[in-house]
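Okay, thanks for coming, everyone. Let me put the structure up, and then I'll talk you through a strand and a ligand.

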Amino acid sequence: MIGIFGGTFDPVHFGHLRPALDVKQALGLDEMRMIPAFQPPHRAQPVANPGQRLTMLRAAVGGEPDLQVDNREMLREGESFMVDTLASLRNESGDEPLCLILGADAFLKLDEWHHWQEIPELAHIVVTHRPGWQLDMNVASPELQALWRERQVTDGARLAASQAGRIILQAVTPLEISATQVRALVAAGKSPRYLLPDAVWNLIRMHGLYGFSAINDAKNNPVKTKMGNNRVLRVNTGTNIQDKQNEGR
Ligand code: ATP
């Protein structure tokens with residue numbers, strides 16, 4: 001079974017990474033694909049550009065065998081409709097069950113997504129929530145309530161029996177972290193450390209993302225980062241991440 005964890009990842013933080021790993025382990029998935037949206041259709045446009053968000057995600061999961069970065073939405077460009085992503089994964093994976101991971105907030109708005117009724121035909125849906133919490137389906141639309149009634153299962157083992165079509169609630173480690181919070185801290189000149197991997201925080205500082213001010217920070221905390229061929233680079237906010245990566249090859 002393949003898990004799909006989509007997001008804007010602007011930037012990726014531990015509230016994405018730990019629940020992704022929790023779901024993979026709890027449901028015994030073979031893979032967990034972290035899929036950054038090129039252009040998220042259902043929300044405000046990201047602050048960091050697609051290459052920067054992809055680079056931060058790769059830095060966050062680098063070396064973690066249980067999480068993989070899948071860049072198909074970046075390669076496809078245009079609006080990143082999940083139904084298109086699931087269709088391309090279905091084409092590649094044959095009969096393999098696909099499991100789309102959604103936070104409860106995202107699931108309750110599923111019926112606003114492009115061609116949303118095709119999504120349960122392409123994948124199971126795993127709705128993540130904090131332990132002990134109940135999903136309030138009364139706030140969902142009648143169509144989503146009907147989907148829930150028809151498709152919900154409580155036994156994770158039932159997912160392996162079909163390619164798609166089930167919905168399951170899955171408790172994950174509660175981490176009240178949002179990318180909005182991380183961006184606000186950085187813009188305010190405060191540290192977001194311990195909310196996200198240090199590798200991501202270092203990239204934010206190196207490239208001056210989210211209004212990070214190198215001038216203020218350099219006085220107290222100069223960044224030294226090893227990249228590519230082990231050269232130690234000083235803070236440099238004037239280059240883009242892609243250039244820096246190529247330089248290291
Ligand atoms: P923003 O604050 O910019 O809206 P975000 O932190 O919510 O961003 P997204 O990239 O929009 O992050 O989220 C991608 C997916 O991760 C969604 O399914 C969302 O429900 C889930 N998610 C985000 N933050 C958490 C968290 N702290 N715990 C569990 N799931 C989360």
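**Strand S1 and its neighbours**

So, in strand S2, the bridge partner of Gly6 is Ile35. Helices here are DSSP runs of H or I with at least four residues, strands are runs of E with at least two, and both are numbered from the N terminus. From S1 the chain crosses through H1 to S2, and this β-α-β crossover is right-handed: with the strands pointing away from you, the path from the first strand over the helix to the second runs clockwise.

Quick housekeeping: this is a predicted model, where local features need pLDDT of at least 70 and side-chain atom pairs count only at pLDDT 80 or more, while totals for chains, interfaces and linings use all residues. Residues are numbered from 1 along each chain as its sequence is written.

Back to S1, residues 2-7. S1 runs parallel to S2, residues 31-36, and six bridges join them. Strands pair if DSSP finds at least two bridges between them. S1 also runs parallel to S4, with four bridges; there, Gly3 has Cys99 as its bridge partner.

Is S1 buried or exposed? It's mostly covered, with six of its six residues buried, meaning 20 or more other C-beta atoms, placed from the backbone, lie within 10 Å of a residue's own. Ile2, Ile4 and Gly6 cover one side, and Gly3, Phe5 and Gly7 the other.

Now the ligand. It has 17 residues around it, with Gly7 and Gly15 among the closest; a residue counts if its C-beta atom, placed from the backbone, lies within 6 Å. H1 gives the largest share of that shell, three residues.

Notes: A residue is buried if 20 or more other C-beta atoms lie within 10 Å of its own, exposed if 12 or fewer, and partly exposed in between; C-beta atoms are placed from the backbone.
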